Structures are given as C-alpha cells and as structure tokens.
Amino acid sequence: MSEAYCDILVTSEDHQRIMGHLFPGDRDEHGAILRAGLVRSGSSLRLLIKDVHPAELGTDYIAGKYGYRALTPTFIHREILQCRDAGLAYLAVHNHGSDRRVAFSKVDLESHERGYPALLDIGRGIPVGALVYGRRSVAADIWLPDGSRRTLGTYHVIGNEVRRLYSQPRRGRKSGSEHDRQVRMFGASGQEILQASKVAVVGLGGVGSLVVEYLARLGVGNLVLIDPDEIESSNLSRVVGATQVDVETGQLKTHIAVRHAREMANNATLQPVTGDVSRQSVAQVLRDCDFIFLAADSMRARLVVNALAHQYLIPVIQMGAKIRQGDCGNLEDAMCTVRHVRPGIGCLWCNGLIDPTQLAVEAKSDSERKEQAYGVHEPNPSVITLNAVAAAHAVNDFLFDFLGLRTGDVEAAYHNFHFDRGKDQRVMPRRSPECRECVHRLAMGDAMDLPVVEG
C-alpha cells in the first residue's frame, strides 16, 4: 500500500509566530498546539493552520516522564475540547535542533501511540496529530478518525510568495525538452512544482482565455476552467482559440478553453466546469486549488473567490480591463488592473471592491431588474491588447510568487495600468481588523459555509 499524505497550509504570519516560539535562540525544545481547518476532497486532505497556542515552558511544557519534555494533561485537555467544539483539527508541535531534515524520534512516536487514540475519542471526529520542526523542515504524523494515519506531503507557507517545506530536501526530476528554456530560469524543481499544481481560472473571456493559454504553455499540470456561458460573435475579437464555427454551433467557453489548452499541454489534467462560481457545486471544486485566477467581472464571483482565498488559504489574483467613455463618446479612461489577494491580505471586501448593492442586483433575474428599474446589464467595451497586459502581468506575478523567484520581499498589492495617461499605479490594500471575510473566515476550511447559492 502506498503511503498516504496530508498537506499543511499556513500563512507566513502564523509560520513566523510558530518559528519564533520554537526557536527563540536558546537551543532548547519548545512546544505549542495548533488548531487547523480541514479540507477534504476525495481521498486528499489538507490542514489549514488557524491558531497558534504557545505552551509556556515550565507551566504547559514540562519535563517528560518518557522523553525530554511533554505538554501537560491540563493544557492538552483544554485545547482538544476547543478544537472539538470548533470542528478544527488538533496538532501538537515541538522542535528538534536539525535544519533541512527532521523526523520524529522513537520516543515521540511511542507517545503518539499512547495518547492519540484517547484524543481521537475526545475529539469525536476531528483529526489529531503532531508536527515536528527543524529550522527549514517539517514532519507530520496525522491520525484520522477512521484509524488511518498520514505523513506530510508539503508544508505550504502562504504570504506575498509561496514557500514549501518538507521533512527532507527534494530534487526536481528532469523535465521534457518542451520546457527546456524556462527550466533554465527556474530549475527542474520549479517545473515539477508547476506540473504538480492545481490552478483554476474563473471566467474564460478576454482575460481568462489568455491566462489559460499562458498556464498551459508553462506546464501547469492541473487546470480547472470555469465559465457558465456560450461563445458569442462579439467574443471572437478577444477570446483566444474561438472560431466562427464555435459561434454557429453554440460552443461553450469551457469547451473552447479545453480544446485550445490541449493543443499545448497533452499531459495536463483539464477539468472544465460549466457553471457560475457562485453556485455551491462549482465553488466546491476550488477548495483544494493551489492558486486561483479570477477573470469574471461579477460581484458574486468576487465575493465567493475572495472567501475561498481566506477560508482555504488559497492565493488569488483578480484581474480585468476597463474602458470608460464620456457622455459624448470620448475616451475617459482605458486601464487594466491586477489585484493580489492573499490569506488575510488584499481582501476585496475590506477594500470596497465588492458592492453590496450590486450583489443584490445580480441576484435578480433580468425581468426583475427591468420591473424595478435597474435595467439589464449592457456589455462593456473590451480590447484584446488591454486584456493581454492584465493576463501577462497576472501570470508573471503568479510565476515569480508561486515559485519564490523574487530577490526581495515584494508586498502583495493592487497594480493599475492607465494606458490613456501612460501611468502605472501600485496601491497597498487596506486591512480591517474586524472584517467579516478575511478575519472571521481565515483558515476555517470546511467548518464554515461559503457565501454561495444552492445548485
């Protein structure tokens, strides 16, 4: 039987908090409890670190009966009850003095055998387990309610960029010749990360269709392609891969995107989802993605994907292009935007980019909007060159952030390109400490409902 794995995701802020507690500079061993949201998708399991509860040395973390140190029964009991009541996983952590390789000791594993069956009983259905940290490595022993156990797949640190830790160093496998030139830039290990990743594109119009092509050519191994619409004649000037025959036969945008991507990525897994991302059945598909590109322009799409970013610790880039004309038909603005949304950072709700009034309007049918004098949505101007700038910048940022290629720490920001003025603008997003989305949803995983409609 092959070994079963569990991926662990944590914000860079919480990872720094964990490492600061475990490695304060005294070369000693320290402990803590982590509470984690769960993501179950088929046979895969992810744990999302939500809270860090440090154990105070000498009070909560004391000399052990069998090993060097151990958490006290009182501290453990309080924490497991809190995890159970919140529907979150319980993870006990401590550190070893190693660097790039780390493993549980024989004493560690024996303590798991003694204590974790009882913790599973108390937890009533939540996973329990342990993590051990080296300075640049992590190992895991996760116990599930069905009696199975899992080790660590990848430990993802999600911040301005994505970092990955393992129990021991990994070597990238040799890539095919079709990716030779880009591998010379980011290495075989970078190409392997792209090949193993699951990336979604929500909205397959002028911007989204270009994003799909770029990702397929880069060698992303698993693409989820979401759009509810059929192609129309007005789309042909900007949707890559679309033809007049597609318009005449009423082809779906998802079908066109898959067909076009397949021409460049024979070995990729392509998952078309024909539907609106605000539908529960569609949004559920995104819960275990590694990255999401949001190219749909509705407020409902922004609301759901923004919630996914924070609730499931998934990096998101929202992008689009906008042309505004004056009353006399003169050009007032021609711009595109690329907005980074990271767990707890860049929240679209915090920054006023999800309009509650427009959300209510979008929930109505066309006939209801007419009756209530809202009008029916008129198509906006759209030009492929503006779309291409947004798509290229978004995928380039994805590449540098997702593979950790930047030479310095670049903060996730909003980037606006105003072409009529020749002006580029970087905007640092606001962060509200009481935000109902990026604060209260953070790392909750399946323990909280998404803001979706049934269907």
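The axes of helix α5 (residues 206–218) and helix α12 (residues 384–402) come within 8 Å of each other and cross at roughly 40°. That makes α5 oblique to α12, since oblique covers angles left over once those under 35 degrees (roughly parallel), over 145 (roughly antiparallel) and 65 to 115 (roughly perpendicular) are set aside. The crossing of α5 and α12 is right-handed.

On the α5 side, G206, V207, L210, V211, Y214, L215 and L218 meet I384, N387, A388, A391, A392, V395, F398 and L399 of α12, with contact taken as heavy atoms within 4.5 Å. Sorted by class, this contact has 13 nonpolar residues, two polar ones and no charged ones.

## The second largest pocket

The second largest pocket holds about 1,300 Å³ of space.

By class, the lining of the pocket has 19 nonpolar, 12 polar and 14 charged residues.

## About the model

This is a predicted model, in which local features need pLDDT of at least 70 and side-chain atom pairs count only at pLDDT 80 or more, while totals for chains, interfaces and linings use all residues. Residues are numbered from 1 along each chain as its sequence is written, and side-chain values use heavy atoms, leaving out hydrogens and water.

Key: Axes fitted to C-alpha atoms, helices over the stretch in contact; angles between N-to-C directions. Helix = DSSP H or I, 4+ residues; strand = E, 2+ residues; numbered from the N terminus. Left-handed = near helix turned anticlockwise from the far one by under 90°. Nonpolar A, V, L, I, M, F, W, Y, C, P; charged D, E, K, R; others polar. 1 Å grid on protein atoms, 1.4 Å probe; cavity = no way out; pocket = protein on both sides within 12 Å on 5 of 7 lines; lining within 4 Å. Points joined across faces, edges and corners; volume = space filled by probe spheres on them.
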